[in-house]
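I opened my notebook and went through the structure piece by piece. These are my entries, in the order I made them.

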Amino acid sequence: MKPVLAVHKLRKTYTRHLFDGRKLDVLRNIDLELEPGTFTLLTGPSGSGKSSLLRCIYRSAAVDSGSIVVRVNGDEVDMLAADDRTVLETRRKYIGMATQFLSVVPRIGALDLVMETGLVRDDAADLLRAIGLSEGHFDVPPATFSGGERQMLTLALTLARVRPILLLDEVTASLDRRRKKTAYEALMERKKTGVTMLAVSHEIPDLPGLVDRVLTMHDGELG
Amino acid sequence: MKPVIALRDVTVRYPSGVFGCREVSLDVYPGEVLGIVGESGSGKSTVLACANLDIAPTLGSVEVMGVDVTGVGGAERRALRAKSLGIVYQTPQQGLDLDVTAGGNVAERMFGAGHRSYQHVRARALSLHEAMELPLERFDVVVKAFSGGMRQRVQLAKALVTSPPALLLDEPTSGLDVSVQAKTLDLIRRIQREHGLATVIVSHDLAVIRMLADRLIVMKGGRIVERGLTDQILGDPQDPYSQLLVSSQLA
């Protein structure tokens, strides 16, 4: 089967113009292919380039050279050649990204935020419950949420939008043990529907059948 | 699909000899929000004024709905604005007559667009007044007596009363206190989505830009120094000035 995501010879450098133009090689010659419906876990030391790779794929970071191709339903998008509007369209249709940090409109309650993705109230509430957010938080804007609660909402927002590819950047890092398990189960449900996932994490989910492959990054290279 | 507004290599040179902007090209499509950031004097407002046909470019062209409208004036410009462009200025007195009632300000734009039935104009203005979450009893009150947040809502009502496909926002919330700012931004975001408005927002507040803009242009010294997806420019700026701007504001 053709990969839904193919990364080839990807290079990325950060140039810090405010610090004498200092250059930082964050990704060197990354090759990565994701088969449909698989879950790939990306681990490695902090600063090894894991999040940068996810951000380059999502194109929320710029790339020096290489290629990133998304193939879904016979549609093929070269993410680096595509113009900005095509990238936005490709994200809307095919790629979801969840990061450690929640960035949403401050005044809207958690349930309403999930409903904004297009879910009806009951489904949105079911999803928040499945992720493990307590019902007392549903009508509260996330500004006052704890780190873990924000993370639950981030995950719920990501899962609320049905996308064939999900990029997950440490989405369970600040959850307690029980909620981590709940989150993994929610991801497993998506995997069963054929969603392809690339997840950055420092720990391997202990849910049988979820993780298909573990890759380790070291100093900008994929081992 | 055609852009609702397009600027092609627009240069503005003021009579004083000062350049307002140089070789600026941009386009904004239905349903999307284009942000423009940059320091004071970078040309942001000049670009917006060109898009609103307030200023004719010295060089280059302006297209609205795919039609070249560079340099139009008079009745043609008034009609074009009323049909296609709504604008909200930073200061209400730029966009409103403060001695006129909220309803009167909004109605004036409809009369300007050629509507003649008083009943129809009043009903339509009233419905916008309500949609902008303004208190009904304020409809016949002069805008001078309104708070800053309410004045901006009147500007929004006026901008949208003729259902234009484009909305131009020049620092729409920067004079407001934080809670009113958040409320106003929620409203702008909601109506932008509901009506699929092609929107250009000029702001120096990157939090506002992050919340609203899909794509972003960074200006310095009248020129565009970087353009791209908002999350990419705010998260991984490439140009030295963009890096300075982002690090100054998020530090």
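This is a predicted model: local features need pLDDT of at least 70, side-chain atom pairs count only at pLDDT 80 or more; totals for chains, interfaces and linings use all residues.

**Entry: a helix in chain A.**

I then asked which residues of helix 6 of chain A are buried. I found Lys180(A), Thr182(A), Ala183(A), Leu187(A) and Arg190(A).

Next I checked what they pack against. The buried residues touch two helices of chain A, helix 4 (121-131) and helix 5 (147-160). They also pack against strand 7 (165-169) and strand 8 (196-200) of chain A. On the face turned away from the buried side I listed the exposed residues Arg177(A), Arg178(A), Glu189(A) and Lys192(A).

I also looked just past the end of helix 6 of chain A. There Gly194(A) takes a positive phi of about 100 degrees.

**Entry: chain A as a whole.** I counted six helices and ten strands in chain A. For its 223 residues, a compact globule would have a radius of gyration near 17 Å. Chain A has 18 Å, which agrees. Its C-alpha trace spans about 50 × 45 × 35 Å along the principal axes. Of the residues of chain A, 39% count as buried. I looked at contacts in chain A with a separation of 6 or more, and 67% of them are between residues 24 or more positions apart.

**Entry: chain B as a whole.** Chain B has ten helices and ten strands. I compared its radius of gyration, 18 Å, with the globule rule for 251 residues, which also gives 18 Å, so chain B is as compact as a globular protein of that length. The C-alpha atoms of chain B fill a box of roughly 55 × 40 × 40 Å. I noted that 48% of its residues count as buried. Among contacts in chain B between residues at least 6 apart, 66% join residues at least 24 apart.

**Entry: the largest nonpolar core.** I found 131 residues in this core. Val114(A), Ala156(A) and Val200(B) touch the most other members. Helix 5 of chain A gives the most to the core, with seven residues.

**Entry: positive phi in chain B.** Which loop holds Met65(B)? I placed it between strand 4 (59-64) and strand 5 (67-68) of chain B. Phi of Met65(B) is near 50 degrees, a positive value in a residue other than glycine. I counted 16 other C-beta atoms within 10 Å of Met65(B), so it is partly exposed.

I made the next stop at Ser163(B), in the loop between helix 6 (148-160) and strand 7 (166-170) of chain B. Phi of Ser163(B) is positive too, near 50 degrees. Ser163(B) has 13 C-beta neighbours inside 10 Å, so it counts as partly exposed.

Notes:
Residues are numbered from 1 along each chain as its sequence is written. Chains are lettered from A and ligands numbered from 1 in the order in which they are written. A residue is buried if 20 or more other C-beta atoms lie within 10 Å of its own, exposed if 12 or fewer, and partly exposed in between; C-beta atoms are placed from the backbone. Helices (H or I, at least four residues) and strands (E, at least two) are DSSP runs, numbered from the N terminus. Two residues are in contact if their C-beta atoms, placed from the backbone, lie within 7 Å. The radius of gyration is taken over C-alpha atoms; the globule rule is 2.2 Å times the number of residues to the power 0.38. A nonpolar core is a set of buried Ala, Val, Leu, Ile, Met, Phe, Trp, Tyr and Cys residues joined through C-beta atoms within 7 Å.
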